[in-house]
Amino acid sequence: MRIDFTPIVRNRFCQLARRTLSWRGNVEELQKKVLIENIHRAVHTDVGSKYGFKDIIHSSDPYREYVERVPLVHYEDIRRDVLRMVKGQGDLLWPGVCKDFAQSSGTSGGKSKYLPITGDSLRGNHYRGGEDAVAHYLNNNPRSHMFAGKGFILGGSFANTLGIVGGDVHVGDLSATLINRITPLAELVRVPDKKTALLPDWNKKLPALVEKASREYVTNISGVPSWFLTVLRKVVEHNKAHSLKDVWPGLEVFFHGGISFEPYREEYKDLTRGLDMNFVETYNASEGFFAVQNDPDDPAMLLIIDRDVFYEFIPVGEESQRPLPAWEVTPGKTYEMVISSSNGLWRYRLGDTVRVESVDPVKIRIVGRTGAFINAFGEELMEDNAERGVANACQQHGARILNYTAAPLYAHGDIKGRHQWLIEWETPPANIDAFIQTLDAELRKLNSDYDAKRKGNIFLAAPEIVNARKGLFDQWLKTAGNHKLGGQRKVPRLSNSREMIEHLLEMNE
């Protein structure tokens, strides 16, 4: 007999969601409280001693004192300290010894990043952010039966480029740590079991995931859209079904994040046809859980301002201007995110860019990465433009994309400069030239700088598309120095250099 626990837990979750109503008019107060609490906890660390955290706390204006004393940092500025933490040294960036680290995207030097996941950040941010996602969903969907079944959570593993296997220290995907450290009670409401979820070999893991998930009554799924798409197709195929409704008739929500959902939206609609399906975007990065979509009719996400993270925002294109706190941002502007958090990252530049859609409270949309753009001809094409342009073109032509990347192709001889797109199709368009025209037109609508450079084909020619063979991007993801194949995989969408695309084109031959 299946028991629906949703009515039992709904009130608690809805109270969590409704607390955000009190944020209006209190962004500054709540954010300053988070900053002071974080600084206070780290007073006796190396970083606390170095920058005089004790003096900051007793200052008449702790925030201003903090930004004057503590510099903005990139990962390379703290790499040495983090690697000391991996080796077991404590009280460096955060109190105590950190045992968990998330291996994340490579830096400009090609090295992976290892980001601390402290016990405090797990309890005070990552898990709380997940609770907030569920809370807003239940608050918006009073007829939900989410807890009548299990959640299918797709995660990565502890495979890492440091060669650390076993022992007290774990290095790998953030999702692996979240699964490994979660309370055992969660095993009652999630699938697969921990052993299967943490398998490092995806060739063994994929069929095991499909087999175990197919035997359960799944009501909700959580993960990165690109990789989950592969898993869900296998579930349908394994069960000889027409859609996921035949396998999981109670499936009602997909909590997704990590990459843009737009290129995959139509495929998910097709996979879940016949279901009353909801899609909720989350901003859950290796560095923290930052935002969640709290309104199904608004794609912007609510910045979570009371969960151990203090935010600053650097206006894009105006780095000479001081970073702004959350209570001073302007709607419609694009910023680079900076965080100070209970994982020991102080004034840390994420490399993510967001557009502020509204303030008080702050709502944002992810635009891309600071390095994910093309501006070889003054066109300033951003990742958000690319994702939306591709999605719109696919919808108009009945095409579906598995993965893609784009880079500038510079003028040579009589050939004008243009953008070169390498696309791996699930369903290619019937007419590739017509698709190119549509993609070009959509990008011109979305980006006035791109449109200006395209006028008359004077400065920038129409895009070029190269068809990628099936499996190319997965093969690239497995190569040394790149992201691992699996639940956390990401393919950079845009690059202002040709280094990555040249490697891919070589592999494509």
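**Exercise 1. Describe how helix 2 and helix 5 pack: at what angle do their axes cross, and how far apart are they?**

Step 1. Helix 2 (residues 27-41) and helix 5 (residues 62-69) have axes that come within 10 Å and cross at roughly 60°. Helices here are DSSP runs (H or I, at least four residues), strands are runs of E (at least two), and both are numbered from the N terminus. Axes are lines fitted to C-alpha atoms, for helices over the stretch in contact, and angles run from 0 to 180 degrees between N-to-C directions.

Step 2. Now name the angle: helix 2 is oblique to helix 5. The classes are roughly parallel under 35 degrees, roughly antiparallel over 145, roughly perpendicular from 65 to 115, and oblique for the rest.

Step 3. Look for the residues that touch, with contact meaning heavy atoms within 4.5 Å. From helix 2, Lys-32, Leu-35, Ile-36 and Ile-39 meet Pro-62, Tyr-63 and Tyr-66 of helix 5. By class, the contact of helix 2 with helix 5 holds 6 nonpolar residues, no polar ones and 1 charged. Here Ala, Val, Leu, Ile, Met, Phe, Trp, Tyr, Cys and Pro count as nonpolar, Asp, Glu, Lys and Arg as charged, and the others, Gly among them, as polar.

A word on the model before you go on: it is predicted, so local features need pLDDT of at least 70 and side-chain atom pairs count only at pLDDT 80 or more, while totals for chains, interfaces and linings use all residues. Residues are numbered from 1 along each chain as its sequence is written, and side-chain values use heavy atoms, with hydrogens and water left out.

**Exercise 2. Find the cis peptide bonds that join Val-191 to Pro-192 and Asp-360 to Pro-361. Where do the two prolines lie?**

Step 1. Between Val-191 and Pro-192, omega is about 5°. Pro-192 sits in the loop between strand 5 (190-191) and helix 9 (194-197).

Step 2. From Asp-360 to Pro-361, omega is near -5°. Pro-361 belongs to the loop between strand 14 (348-358) and strand 15 (363-369).

Step 3. Asn-26 lies in the loop between helix 1 (6-18) and helix 2.

**Exercise 3. Is Lys-240 buried or exposed?**

Step 1. Lys-240 is not a glycine, but its phi is positive, about 50°. Its place is the loop between helix 11 (225-238) and strand 7 (253-256).

Step 2. With a relative accessible area of 76%, Lys-240 is exposed. The cut-offs are under 20% for buried and over 50% for exposed, with partly exposed in between (1.4 Å probe, protein chains only).
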